[in-house]
Amino acid sequence: MLTIKLQRVGKKHQGSFRLIVGEKRHKLQGKQVEDLGWYNPHQNKMEVKKDRVAHWLKNGVQVT
């Protein structure tokens with residue numbers, strides 16, 4: 001089953017996140033199907049490919 005989840009990247013105490021589509025049972029640092037964008041909580045900046053997120057949600061992907 002595929003899910004949309006946040007993958008943590010960055011240094012210690014300076015983490016940012018990537019929005020990815022991946023298998024629910026795979027580890028976060030493992031194989032991913034598609035990269036949908038990024039989120040930086042320290043600067044409150046975000047960039048998301050909204051058309052691709054809508055495509056995956058229409059095909060039955062769950063959000064974690």
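Trainee: What share of the contacts with a separation of 6 or more comes from residues 24 or more positions apart?
Mentor: That share is 28%. Keep in mind that this is a predicted model.

Trainee: Okay. How many helices and strands are there in the protein?
Mentor: One helix and five strands. Along the sequence they come as β-β-β-β-α-β. The radius of gyration is 12 Å, close to the 11 Å that the globule rule gives for 64 residues, so the protein is as compact as a globular protein of that length.

Trainee: And what does the C-alpha trace span along its principal axes?
Mentor: About 35 × 25 × 15 Å. The accessible surface is about 5000 Å², and carbon and sulfur atoms hold 52% of that. Buried residues are 27% of the 64.

Trainee: Let's do the sheet. What order do the strands take?
Mentor: The order is β4-β3-β2-β1-β5, in an open sheet with mixed pairing. β4 (45–48) and β5 (62–63) are at the edges with a single partner strand each, so one side of each has no neighbour in the sheet.

Trainee: How many bridges join β2 to β3?
Mentor: Five, with β2 (residues 16–23) and β3 (residues 34–40) running antiparallel. If you want a pair to click on, L19 has G37 in β3 as its bridge partner.

Trainee: Then what about β3 and β4, parallel or antiparallel?
Mentor: Antiparallel, over four bridges. Here W38 is partnered with E47 in β4. The hairpin these strands make has four residues between them.

Trainee: Which residue in that hairpin takes a positive phi?
Mentor: N44, with phi near 55°. N44 sits in the loop between β3 and β4, and it counts as exposed because its relative accessibility is 65%.

Trainee: I also flagged H13. What's its phi?
Mentor: Near 65°, which is a positive value in a residue other than glycine. H13 is in the loop between β1 and β2. With 68% relative accessibility, H13 counts as exposed.

Trainee: Where does the helix go relative to the strands?
Mentor: Helix α1 (residues 50–58) lies across β1 (2–9), β2, β3, β4 and β5. Its direction is at about 125° to β3.

Trainee: Switching to charges: how many salt bridges does a search of the whole structure find?
Mentor: Two. In general, side chains of opposite charge can pair when their charged atoms come close. One of the two here is between E34 and R52, at 2.9 Å from N to O. That pair links distant parts of the chain, with E34 in strand β3 and R52 in helix α1, 18 residues apart.

Trainee: Is E34 buried or exposed?
Mentor: Buried, because its relative accessibility is 18% and the cut-off for buried is under 20%.

Trainee: Last topic, strand β1. Is Q7 buried or exposed?
Mentor: Q7, which is found in β1, is buried, with a relative accessible area of 7%. Leaving out residues up to four places away in sequence, Q7 touches S16, F17, R18, I20, L28, Q29 and Q32.

Trainee: What about R8, how does it count?
Mentor: R8 also lies in strand β1. At 40% relative accessibility, R8 counts as partly exposed. In general, side chains in a regular strand alternate between the two faces of the sheet.

Trainee: What does R8 touch, leaving out residues up to four places away in sequence?
Mentor: R8 touches H13, Q14, G15, S16, F17 and Q29. H13 is the loop residue with the positive phi we talked about. One more distance for R8: its C-alpha atom is 8.0 Å from that of L28, and the two residues are 20 apart along the chain.

Trainee: Great, that's what I was after. Thanks!

How values were computed: Residues are numbered from 1 along each chain as its sequence is written. This is a predicted model: local features need pLDDT of at least 70, side-chain atom pairs count only at pLDDT 80 or more; totals for chains, interfaces and linings use all residues. Side-chain values use heavy atoms; hydrogens and water are left out. Two strands pair if DSSP finds at least two bridges between them. Helices (H or I, at least four residues) and strands (E, at least two) are DSSP runs, numbered from the N terminus. Contact means heavy atoms within 4.5 Å. Axes are lines fitted to C-alpha atoms, for helices over the stretch in contact, and angles run from 0 to 180 degrees between N-to-C directions. Buried means under 20% relative accessible area, exposed over 50%, partly exposed in between (1.4 Å probe, protein chains only). The radius of gyration is taken over C-alpha atoms; the globule rule is 2.2 Å times the number of residues to the power 0.38. Accessible areas come from the Shrake-Rupley method with a 1.4 Å probe; for residues, only the protein chains shown count as cover. A salt bridge is a side-chain nitrogen of Lys or Arg within 4 Å of a carboxyl oxygen of Asp or Glu.
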